[in-house]
Amino acid sequence: MAIDLVSRAEWGARAPRGSYSRLTSTKGVKVHYTGGRVDPAIVDDHARCVAVVKSIQSFHMDGNGWMDIGYSMIACPHRKVFVGRGPHNLPAANGSGLNSGHYAVLGLVGNSGLVEPPDGVLHAILDAVDYLRAQGGAGKEIKGHRDGYSTDCPGAALYAWVKKGAPRPGGGGQEPDPETTPKWPGRLLKYPPIMRGDDVRDWQRQIARLGYTIEVDGAYGPESKAVCVRFQKDRKLDPDGVVGKLTWDAAFTPLP
Ligand SMILES: [Zn+2]
Ligand SMILES: [Zn+2]
């Protein structure tokens, strides 16, 4: 799957207050978290991700006095990657003297609220790493901000993932695992009227596991339909709010 970039124009970035120091290459990438509270509602609303990134830029420029947001790229739960300073530009977030060694990628999780990174964040971080390798001469290291700098960043959850070698969620397979994937029930799950059944519950449970907010009650009503539409949009499926075979299988298929 190609990287889903959010350009600076798309997220409404302010212009940098000067010109960036150029980097030819780096040893790799350091992973960050926000260090503050991240509202879990961002998982259901990408517009909130945009607002968070804009507020971080303002904090870095107006609070820290930096020329721009400190991060090279920012990864959100919708597997979208915001362009911060971008490839070949010196970041500011790693700490004095450490920025020329590694690009800085922020995962949109914090130390309260949204703490556990949804799969979309992990995929987006890795999409950013791939992009910085291809476009910015990033080397193969993936480290945490706390490596070589005194900080809690990137938090326990992201750091544990970094220490495991930053694996793609779902083991990298694109096919649903027949051992663990419930078969499509053969009926369309849709609303109205409300449909009930174990198949509805299986689908809701899986969607919740993917980070969507949904009540796992075995009843496919307006809430399930709305979440389904969001899921379908995220996976670039026809957003009709009906769980057919494609939507069912997509929910049980790890992102590549
Ligand atoms: Zn950090
Ligand atoms: Zn988002």
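Predicted model: local features only at pLDDT ≥ 70, side-chain atom pairs only at ≥ 80, totals over all residues.
## Strand 6 and its surroundings

Biologist: Which residue stands opposite Met-73 in strand 6?
Modeller: That's Val-105. Ala-75 has a bridge partner in strand 6 as well, namely Gly-107.

Biologist: And what about strand 2, how many bridges join it to strand 6?
Modeller: There are 5 bridges, and strand 2 (residues 26–32) is also parallel to strand 6. Gly-28, for instance, has His-102 as its bridge partner in strand 6.

Biologist: OK, what's the strand order in the open sheet?
Modeller: It goes 1-5-4-6-2-8, a sheet of 6 strands with mixed pairing. Strand 1 (5–6) and strand 8 (138–144) each have a single partner strand, so each has one side without a neighbour in the sheet.

Biologist: Is strand 6 largely enclosed or left open by the rest of the structure?
Modeller: Largely enclosed, because 6 of the 6 residues in strand 6 (residues 102–107) are buried.

Biologist: Let's talk packing. Which residues have the most contacts inside the largest nonpolar core?
Modeller: Met-73, Ala-75, Val-105, Leu-108, Ile-125 and Ala-128, in a core of 58 residues. Helix 3, residues 119–136, gives the most to this core, with 9 residues.

Biologist: Where does that core lie relative to the two domains?
Modeller: Between them, since domain 1 (5–172) and domain 2 (174–256) both give residues to the core.

Biologist: How do the domains sit, then? How many residues are in contact across domain 1 and domain 2?
Modeller: On the domain 1 side 12 residues are in contact with 8 residues of domain 2. By class, the domain 1 side of that contact has 4 nonpolar, 5 polar and 3 charged residues. The domain centres, taken over C-alpha atoms, are separated by 30 Å.

Biologist: What does UniProt place at residues 3–149?
Modeller: The unreviewed UniProt entry has the feature "domain: Peptidoglycan recognition protein family" there. Over residues 3–149 the chain is 27% helix and 22% strand, with the end C-alpha atoms 29 Å apart.

Biologist: How far is Phe-82 from Cys-49?
Modeller: Their C-alpha atoms are separated by 9.6 Å, and the two are 33 residues apart along the chain.

Biologist: Last one, Ile-42. Where is Ile-42 found?
Modeller: In the loop between strand 3 (37–38) and helix 2 (46–63). Ile-42 is buried, with 22 other C-beta atoms within 10 Å.

Biologist: And what is Ile-42 in contact with, beyond its sequence neighbours within four places?
Modeller: Arg-48, Cys-49, Val-52, Pro-77, Leu-108 and Leu-114.

Technical notes
Residues numbered from 1 in each chain as written. Chains lettered and ligands numbered in written order. UniProt positions renumbered as here; feature names shortened; annotations may be inferred. Helix = DSSP H or I, 4+ residues; strand = E, 2+ residues; numbered from the N terminus. Domains from an automatic or database assignment. Contact = placed C-beta atoms within 7 Å. Nonpolar A, V, L, I, M, F, W, Y, C, P; charged D, E, K, R; others polar. Buried ≥ 20, exposed ≤ 12 C-beta atoms within 10 Å, placed from the backbone. Pairing = 2+ DSSP bridges. Core = buried A, V, L, I, M, F, W, Y, C linked by C-beta atoms within 7 Å.
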